[in-house]
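Thanks for coming. I will go through one chain today, starting with a contact inside it and ending with its surface. Please keep the structure in view while I talk.

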Amino acid sequence: MIRIVSRTEPTRFGENLLRGGAVFAALAASSLVMLFLGYNPLEVYGRMISGSLGTAYRFRETINKTIPLVVLSLGIAVAFRMKFWNIGAEGQFYLGAFGATLAAVSFPSLPAVILLPLMFIFAFFFGGMWALLPAVLRARFAASETLTTLMLNYVAVKWISYLQYGPWKDPSAQGFPKIANFPQNAILPKVLGIHAGWIIALVLVVLLYILLSKSTLGYEIDVLGESEATARYAGMNVFRITIAAVMLSGGLAGVAGMMQASAIEHTLSDQLSGGLGFTAVITTWLARLSPPLIVAVSFLFALLLQGASFLQSSMKIPASVADILQGIIIFFVLGSEFFVRYRFAFDREGKK
C-alpha cells in the first residue's frame, strides 16, 4: 500500500536538489516533445536564450516583462502569507490601469512630476478597492476568496472592453476600438534605457521585505495566516488586518497595471496584461512568498516568456508549441514543490 506522508524536516540542500532535479527533468521532457515535433532541442534552447538576452533590445524586453511580474507577485505574496488566496491579481491589474488612465484623462494638463504620482495613487486605490469586496465577503460571511477574486477578473476585463468600445473610444482612431494614447506627461520616463518602473519595483521589494519581516503588521499577517483562532486569542483585530493586507495586495497589483499602461502600452486596453496576473501566482508560489526571491523567479519566467515569443518569429514555431514548452516546465517545477513537502511511504502487504 502506498501512502503520502509529510516530510518531517526537509533540509535546504534537499529542497534545492529536488528543485534542480525538476528543472533538468523539465528540460529533458521538453526535449523529447521537440524531437517528436521535428525540432532540434539544442537549437531551440539556444534561440530562447538568444531571444531573451542576445541583444540590448531583447534584454530590455525581458526586463519589461520582469517588472510587472515582480510587482504583481509582491502583491499576491502579501495575501498568500495571510492564507488569503488572491487569484484576482489580473483584475486588480486592470482596475489599477483604469485608475491611472482616469487620472491621465481627468488632469491632462498637469506636469509629469504631479500627474505620475497621482496616477500611482489612483492605481493603488482602484486596485485595492477591487480586492476589498472579496476581503469583506470572506471576513463577514466566510465566502471563498478563491472563487470571488477569480470571478472579478472577468468583470474587470469586460469593464475595460466596455470603455474601449464605448465611452473612451478614440474618435480619431477611424472606427478602430482604441482608447487614445496617454499624453507625454503621463508616460513613465526611462532610466538607463528602461522605464523607471524597474527602480520602483526594487524599492517596493525592499519596502515589502521590511514590512513583512520587521513591522507589526507583517507579524500580524503571519500569525493570522498560521491560525485565525490564535490571532483572535492574542487580541488582534482580524477584520482590520484582513482588510489592510488585502488592500495592500490589490493596490500593488494596481500599481503594476499603471506601469504597464503608462510605460509600455501608452494607453489602456483589454489586452494589457496578457495573462501576467495568472503567471504571477506561479512566480509568487515558487519564490515561497519571499520578496528577494520573487525578483529572481520573475526574471527567470520573463526569460521563458520572451524566449518563447522569439521562437515564434525566428524558427516559425507555432505559439501552441511555445505554450506546451512553458506548460511542461511549469508542471515539473510546481510538481517538485509536492516532493519538497511530502514523500511516498510503502507499506508491505499483509504486515500485521
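**A walk through the chain**

Leaving out residues up to four places away in sequence, Ala-26 touches Ile-328, Ile-329 and Phe-332. Ala-26 sits in helix 1. Is Ala-26 buried or exposed? Ala-26 has a relative accessible area of 1%, and under 20% counts as buried, so Ala-26 is buried. For a sense of distance, take Ala-26 and Met-151: they are 125 residues apart in sequence, and their C-alpha atoms are 32 Å apart in space.

Before going on, a word on confidence. This is a predicted model. The mean pLDDT of the chain is 88, and 96% of the residues reach 70 or more. Which elements mark the two ends of the range in mean pLDDT? Strand 1 has the lowest value, 72, and helix 4, residues 89–106, has the highest, 96. Where pLDDT is low, the predicted coordinates should not be read in detail.

Next, the inside. The largest nonpolar core has 79 residues. The members that touch the most others are Leu-72, Leu-74, Met-82, Met-119, Met-258, Met-259 and Leu-268. Which helix gives the most to this core? That is helix 10, residues 238–265, with 14 residues. Apart from this core lies another one of 10 residues, and Val-44, Tyr-45, Leu-304 and Leu-325 are among them.

Setting aside neighbours within four places in sequence, Met-119 is in contact with Ala-100, Ala-103, Ala-104, Phe-182, Ala-186, Met-258 and Ser-262. One of these partners, Met-258, is also on the list of members that touch the most others.

Helix 11 covers residues 276–286. How many of its residues are buried? The count is 8 of 11, so the helix is mostly covered. After helix 11 comes Arg-288, with a positive phi near 60°.

That brings me to backbone angles. Most residues other than glycine have a negative phi. Lys-83 has a positive phi near 60°, and Lys-83 lies in the loop between helix 3 and helix 4. Its relative accessible area is 36%, so Lys-83 is partly exposed. Ala-142 has a positive phi of about 55° and is placed in the loop between helix 5 and helix 6. Is Ala-142 buried or exposed? Its relative accessible area is 64%, and the cut-off for exposed is over 50%, so Ala-142 is exposed.

Now the charged pairs. The count comes to 5 salt bridges, and I will describe some of them.

Arg-138 and Glu-145 meet through their side chains at 3.1 Å, N to O. Glu-145 is buried, at 7% relative accessible area.

Arg-240 and Glu-220 also form a salt bridge, at 3.1 Å, N to O. Why does this pair tie together separate parts of the chain? Arg-240 belongs to helix 10 and Glu-220 to helix 8, so the pair links parts that are 20 residues apart in sequence. Glu-220 is buried, with a relative accessible area of 12%, whereas Arg-240 is partly exposed at 41%.

In a further salt bridge, Glu-228 meets Arg-232 at 2.8 Å, N to O. Both lie in helix 9, 4 residues apart, so about one helical turn separates them. Glu-228 is partly exposed, at 36% relative accessibility.

Last, the surface. Ile-2, Ile-4, Leu-18, Phe-339, Tyr-342, Phe-344 and Phe-346 make a nonpolar patch of about 690 Å². Strand 1 and strand 4 are the elements that give two or more residues to the patch. Which of them gives the largest share? Strand 4 does, with 3 residues. Leu-18 comes from helix 1, the helix that also holds Ala-26. Leu-18 is partly exposed at 31%, whereas Ala-26 is buried at 1%.

Key: Residues numbered from 1 in each chain as written. Predicted model: local features only at pLDDT ≥ 70, side-chain atom pairs only at ≥ 80, totals over all residues. Heavy atoms only, no water. Buried < 20%, exposed > 50% of the residue type's maximum accessible area, 1.4 Å probe, protein only. Patch = residues over 30% accessible without salt bridge, like charges linked within 9 Å, V, L, I, M, F, W, Y side chains within 5 Å. Areas by Shrake-Rupley, 256 points an atom, 1.4 Å probe, with all protein chains shown as cover. Salt bridge = Lys/Arg side-chain N within 4 Å of Asp/Glu carboxyl O. pLDDT = per-residue confidence, 0-100. Core = buried A, V, L, I, M, F, W, Y, C linked by side-chain atoms within 4.5 Å. Contact = heavy atoms within 4.5 Å.
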